[in-house]
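I opened this notebook to record what I looked up in the structure shown below.

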Amino acid sequence: MRVIRFEQFGEPADVLKVCETEEPVARAGEVLVRMLASPVNPSDLLNIRGGYSTRPALPSVPGFEGVGIIESSGGGLRGKLLQGKRVVVLNRQTGNWAEKVAVSSQFVIPVSGKLTLDQAATFFVNPATAYVLARQVLKIPPGAWLIQTAAASAVGKMMIRLGQQYGFPTLNVVRRHDQAEELKALGAEHVVVFNAAHDDERILIEKIRKVLGKQSVRFAIDPVGGKTASALVKVLGERSRLILFGSLDDSPLGFLSRELIRNGASVEGFWLARHMESLSLPSKIRLVSKLTGLIRRGILSTEISARFPLAQIKEAVTTAEQRGISGKVLLTMNSTD
């Protein structure tokens, strides 16, 4: 079978290779999944570059999420019950960019037949991150401001729609003016442009304060880090929370301790995989049900901009990082019959 592999960390288009390998065999507690599709997420590309939270052993296969059909089980009641089912595969080990993958049955989730292949392939990482942050971690009440950076990302757009659904206004930070216009077309009322590469963080602080006026912000989320996250710390209100869930900028955060002391604010890290491990099975089932409904209603839906077979992996990862691309790149593996 074909698989995508990298033997050293580096630029994805340079280090990724299409390889032929033996089909894996499901061991005890595992299931063998015939993969159908998997998105190219920023976390995948960061992993290939060696900058993810944990570094995989090399050689490694990328792909944290995707959708497939269970062909066989290595034993166990869960694997037996799921055989032949279409499932979301959350793979933290060998990776989903392969025609088939053997993975623990605990890391596959049955997905509704009412979802399209595109919706199922992108079911979890972005929709769950947006929903869990808004409704389970921060529990943003109606009327309370949320500031988010990288707002033109998939998570950012979902958060805007969640704000419209649940009644909390969003202040959205983007890097480019064309992204600002795109978000306004989606219904975002408050968008500011800040490019950390050449703008001083004081510019972002001033723009945020101009929008807020005398209003206070209690909730903020940031997948960037560096100057962008540091600026958010300086505009946080009383008893506020800033959640960091990415590190697109390798620069360290820079702020004085009194920025947090003066208002009792907190800065926290969030990793979806760790959060999911903390949930009970009933809680996971409820979350999957909620996500399914919100995806079908378009609130947590993911736009797909391009599709590539595994053989065109270099084109796929290059397209995924092209400036101006507004949707996800999807890798397709096998027939969907």
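**Entry 1. Helix α2.** I first asked which residues of helix α2 (residues 42-49) are buried. I found S43, D44, L45, N47 and I48 to be buried there. The model is predicted, and I read these assignments accordingly. I then looked up what covers the buried residues of α2, and the cover includes β1 (2-6), α1 (12-15), β2 (16-20), β3 (30-39) and α13 (313-320). Just after α2, I noted that G50 has a positive phi of about 85°.

**Entry 2. The largest nonpolar core.** I recorded 46 residues in this core, and the members touching the most others are F123, F124, M159, L162 and L300. I next listed the elements that each supply at least two residues of the core: β3, β4 (67-73), α4 (117-121), α5 (125-137), α6 (154-166), β11 (219-222), α11 (272-278) and α12 (281-296). Which element gives the most to this core? I found that α5 does, with seven residues.

**Entry 3. Helices α8 and α9.** I checked how helix α8 (residues 201-212) lies against helix α9 (residues 226-233): their axes come within 9 Å and cross at roughly 45°. I noted the crossing of α8 and α9 as right-handed. On the α8 side, E201, L204, I205 and I208 make the contact, and on the α9 side they meet K227, T228, S230, A231 and L232. I classed the residues of this contact as five nonpolar, two polar and two charged.

Key: Residues are numbered from 1 along each chain as its sequence is written. This is a predicted model: local features need pLDDT of at least 70, side-chain atom pairs count only at pLDDT 80 or more; totals for chains, interfaces and linings use all residues. Side-chain values use heavy atoms; hydrogens and water are left out. Axes are lines fitted to C-alpha atoms, for helices over the stretch in contact, and angles run from 0 to 180 degrees between N-to-C directions. Helices (H or I, at least four residues) and strands (E, at least two) are DSSP runs, numbered from the N terminus. A crossing is left-handed if the near helix is turned anticlockwise from the far one by less than a right angle, and right-handed if clockwise. Contact means heavy atoms within 4.5 Å. Ala, Val, Leu, Ile, Met, Phe, Trp, Tyr, Cys and Pro count as nonpolar, Asp, Glu, Lys and Arg as charged, and the others, Gly among them, as polar. Buried means under 20% relative accessible area, exposed over 50%, partly exposed in between (1.4 Å probe, protein chains only). A nonpolar core is a set of buried Ala, Val, Leu, Ile, Met, Phe, Trp, Tyr and Cys residues joined through side-chain atoms within 4.5 Å.
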